[in-house]
Amino acid sequence: FLGAGVTATLSSGTASVTIPGGAAGGANNGGSPYFSGGGAGGGGGAIEVISGLTPAGTVSVTIGGAGGTSSFGAYCSATGGANGATGAPTAPGAGGAGGAGSGGTLNVSGGKGHYGNSNSNGGGAGGSSAFGYGAGGGQVAVSSAGGAGILYGGAGGGGTGSAAGSRAGGAGAAGVVIIEY
């Protein structure tokens with residue numbers, strides 16, 4: 001499931017559910033040409049085999065957007081990662097914490113975002129999830145924004161800047177819910 005506000009209709013009594021949470025976006029560089037924003041944390045994940053489900057029953061499915069939580073009813077869920085911190089005139093921004101899975105047989109944490117670099121070396125890379133990759137940080141040479149997260153739960157990279165101005169961090173990728181039965 002990729003969209004928000006959907007309901008799964010079950011056709012058997014057992015389902016395997018895999019959920020990566022949505023990843024957060026990277027931070028901007030705060031207007032300083034020398035200290036870049038931190039990358040965001042990647043989305044957590046949960047995998048659960050659920051038995052005893054009622055055929056033709058329904059379960060609410062939530063798909064987390066950037067930084068949001070994805071879930072399969074009350075059975076299992078995965079949170080998105082945290083945003084990276086904004087760079088300051090005295091220090092680069094810290095990377096955001098990774099999200100976490102809960103309620104699954106296997107729960108995994110998303111990767112932590114990387115610190116922004118000092119001395120005009122670019123924004124911090126975003127953390128990865130079990131299903132997606134964190135994006136690279138912005139490059140100082142061209143004063144670029146951080147890259148957007150790649151696939152499900154991949155985090156955005158931190159933005160950077162130069163004398164030309166500040167650039168935003170990249171957006172995190174949304175989560176997904178995969179149901180096999």
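Among contacts in the protein between residues at least 6 apart in sequence, what percentage join residues at least 24 apart? The share is 63%, where a contact means heavy atoms within 4.5 Å.

This is a predicted model, in which local features need pLDDT of at least 70 and side-chain atom pairs count only at pLDDT 80 or more, while totals for chains, interfaces and linings use all residues. Residues are numbered from 1 along each chain as its sequence is written, and side-chain values use heavy atoms, with hydrogens and water left out.

View 1. Helices (H or I, at least four residues) and strands (E, at least two) are DSSP runs, numbered from the N terminus. Of the 181 residues, 49% are buried. Here buried means under 20% relative accessible area, exposed means over 50%, and partly exposed lies in between (1.4 Å probe, protein chains only). The accessible surface is about 7200 Å², and carbon and sulfur atoms hold 56% of that surface. Accessible areas come from the Shrake-Rupley method with a 1.4 Å probe; for residues, only the protein chains shown count as cover.

**View 2. The largest nonpolar core has eleven residues.** Such a core is a set of buried Ala, Val, Leu, Ile, Met, Phe, Trp, Tyr and Cys residues joined through side-chain atoms within 4.5 Å. Its members are Val17, Ala46, Ile50, Leu53, Val59, Val61, Ile63, Phe72, Cys76, Val177 and Ile179. Two or more of these residues come from each of β3 (45-51) and β4 (58-62). In soluble globular proteins, nonpolar side chains tend to be buried together.

**View 3. Phe72 and Tyr75 form a tilted pair.** This is the one aromatic pair in the structure. Rings of Phe, Tyr and Trp (its six-membered ring) pair if their centres lie within 6.5 Å; planes under 30 degrees apart count as stacked, over 60 as edge-to-face and the rest as tilted. The two ring centres are 5.8 Å apart and the planes meet at 35°, so the pair is tilted. Phe72 is buried at 0% relative accessible area, whereas Tyr75 is partly exposed at 38%.

**View 4. Ala74 sits in the loop between β5 (70-72) and β6 (76-78).** Ala74 has a relative accessible area of 84% and is therefore exposed. Its C-alpha atom is 8.3 Å from that of Gly103, a residue 29 positions away along the chain.

**View 5. Tyr133 lies in the loop between β8 (106-108) and β9 (161-162).** Tyr133 is exposed because its relative accessibility is 53%.
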